[in-house]
Every structure is written in C-alpha cells, then in structure tokens.
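This briefing takes up the overall packing of a protein chain and then one of its pockets. The structure comes first, and the notes follow by topic.

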Amino acid sequence: MAASSNDFSISNTTVANQFTEEDSYPQDLRESIISLPKQKGWLTPNIYNYKGVWLGSFHLHGALRSQQHFQAQDSDIMLCTLKKSGTTWLKALLFALITRKQFLVSQEIHPLLTTNPHTLIPGMEYEYASEETPDFAMSNGRRLLSTHLPQSLLPKSVWESKCKVVYLCRNQKDTIVSFWHFMNKLRGDVQGLGDIPFPEAFDRYCRGESLYGPFWDHLLGYWKESLENPRKVLFLKYEEIKDRPHVHLKRIAAFLDCPFSEEEECGVVDGILRLCSFERLSNLEVNKTGKTVFMQAGNNLFFRKGKVGDWRNYLTDEMASRLDQIVDEKFKGTGLKL
Ligand code: A3P
C-alpha cells in the first residue's frame, strides 16, 4: 500500500501481542511511533497522537493494520464505542439478536451463558494488532465486529460497503468514572502498577488524552455520520437503552434488517433483554471467574455497577461543571445532547 506523508507503512513482521516499552516496539514501527506527539499513557508509558487521536502503540498498530487489510462485507455489523460506554452489553444484545434463530434465548444452552461477549465478538484493531489476517467469520454467516476506533480512522471499506455501523455512547461523567476504575484495575491486576488518582485521570480525560480520545471528536464523528446517513449509522445512548430497552432493541433489530416478527415480540424480545441484563451476565460463572481475551485479566473487569449516575459519588461540583462546559462548547449547534 502506498503510504501518504501522514501514514505509516507496515511490513509483515510478526508483532508481539503487547508492547509496553518503547524499546520493544516492532522495528518497522518504532521510529514512526516515537516521533509522534506523546503524553503519559494509562497502562503503558506513553500514548501517541496519530491524526488527532490518542492511542497506545498497540491500538495504533492494530488500527493501521485494520486500515490496510480489513475488507468489510455488505452484511457486516460494526459495533463502535468509546471504552466504557457499554460495549459489553451491546455486544451481548447484538449477538443474541442476530443469532436468535440459531440459539434460542429461551433455552438453558446459549453461548452467552458460557462465553464472555468479548470472546464471542472480536475487537477489530485488537485482532489485527495480534495477527495479520484474523478470521472474523461467524457460524450464522453474518459477521459482527467491534471497534473503539473513531469514525475518521475506520478502514475505508466500512464506508464504501453497505456494512451497518451501530454506535453506542454514554454520559461522559459516568464514562470517565468507569474508565478510571477499569484502568486502575488493569494497572493493578495485570501490570502491577499503582492507581492513578481520580483528579489526575479526570483532568487528562477532559484534555482529551484518554484512549481513543478526545471523546468529543469520537462522539461527534459518528453523530454527524448518523445524521447524514441514518440507514448506515445508528446512534445509540446507554441511558436511553436503560430507560426503554424494548423500544431500543426493536429499533436496533429493524436497523439491522432483522426485525422481530409479531410472534417474537411476545417472548423473544424479553428473553434477549433478560439474558443480556447486567444481573444475569455479571452473575455467570464465566464472567465471575473467567479470563478475558485481553491481557488475561478477569472477565469481571467488564461488570462493575452498570448504573446511570454513579458519577455523583466521584465528581466534585467543580469537576461536573468543567465537563458540562466542555460538552456544551464542543457539541454546540450539533444537536447532540448527552
Ligand atoms: P460501570 O463501570 O459504570 O459499572 P464497556 O463494556 O464499554 O467496557 O463498559 C463497561 C460499563 O458497562 C461498566 O459500567 C459496566 O458495569 C457496564 N455494563 C456491563 N455489562 C452491562 C449490562 N449487561 N448492562 C448494563 N451495563 C453493563
């Protein structure tokens, strides 16, 4: 692939799954990565600014390889989120929804009862960071993938194909709290590092220096696409799904061209929502004691409280108004409200 001035070219070198030290970056990427603007990382020493997006070297490597190699198919579903927006929940909902003819949600045997949603639905850039040609095939024939990449860094074929994009966002006050807990847990459990104090994490998040940030560009990129092309991008909010789960699940099904039949509306919708509820998933053995595909951390990492408004236990009034101000300023005139 011809590399533009702002692009990196990648060789076929096998790259280690994780690289946390600059010295261990793959040789072909090392110079390009370390010459990017950088800031203190969350799990790794640094995060890098690539085309306006803050990424760890692992994510950046996966993003570049995805751009180079990923070929979207018309029937694909791409689930896009910022970290801690409810990805696990939506992965479960989408999986149960599109496989409902194959795996009946009313039965006591269902993949979601024994497998964590992140194992069932691969993260595109994570897979590409680990191997050059990951296999995304699913047994029901329709591929379901997820990504945290912003709209601007998605592989071109996603936009050129008829593949559907489902975006989920969440109130940023709850997202930052969830993100902070998640990062600290990973730092402690996997890296043996100490906690980041909340005021420091909050400040970095507000400056846009979170993974895949700035958050406002992430949300706005998909928001604008959803307005311009509502048949291509469905924009969802965590709080709205919590509030009216039946309505939104039916909306998602219709968007994905697999609407519920009248018959299904009686029990299947309820069955999917029950199966994917926080209470149900978080209490399954696999999610209490199993290990994630990601860094071998515990699956329980993805289930904390699952509530709206927990931010009130963490943000001072000053912090809340700082974030409100950022959101007001960045989203002004866009029609997007959180
Ligand atoms: P909290 O930390 O606020 O509890 P992600 O899946 O994008 O990593 O987001 C994780 C957040 O979603 C966590 O939020 C987690 O508890 C919540 N979550 C996980 N499963 C959920 C479910 N089935 N229903 C609602 N929220 C869920």
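Of the 338 residues in the protein, 57% are buried, where buried means under 20% relative accessible area with a 1.4 Å probe and protein chains only. This is a predicted model, in which local features need pLDDT of at least 70 and side-chain atom pairs count only at pLDDT 80 or more, while totals for chains, interfaces and linings use all residues. Residues are numbered from 1 along each chain as its sequence is written, and side-chain values use heavy atoms, with hydrogens and water left out.

**Overall form**

- The C-alpha trace spans about 60 × 50 × 45 Å along its principal axes.
- Among contacts (heavy atoms within 4.5 Å) between residues at least 6 apart in sequence, 72% join residues at least 24 apart.

**Second largest pocket**

- The second largest pocket holds about 300 Å³ of space, a pocket being an open set of points on a 1 Å grid where a 1.4 Å probe fits, with protein on both sides within 12 Å along at least five of seven lines, and the volume being the space filled by probe spheres set on the points.
- Of its 15 lining residues, Leu-104, Val-105, Ser-106, Gln-107 and Gly-271 are the closest to the centre of the pocket, lining residues having an atom within 4 Å of a point.
- Helix α13 (residues 262-275) gives the most to this lining, with 6 residues, a helix being a DSSP run of H or I with at least four residues.

Conventions:
Helix = DSSP H or I, 4+ residues; strand = E, 2+ residues; numbered from the N terminus. Buried < 20%, exposed > 50% of the residue type's maximum accessible area, 1.4 Å probe, protein only.
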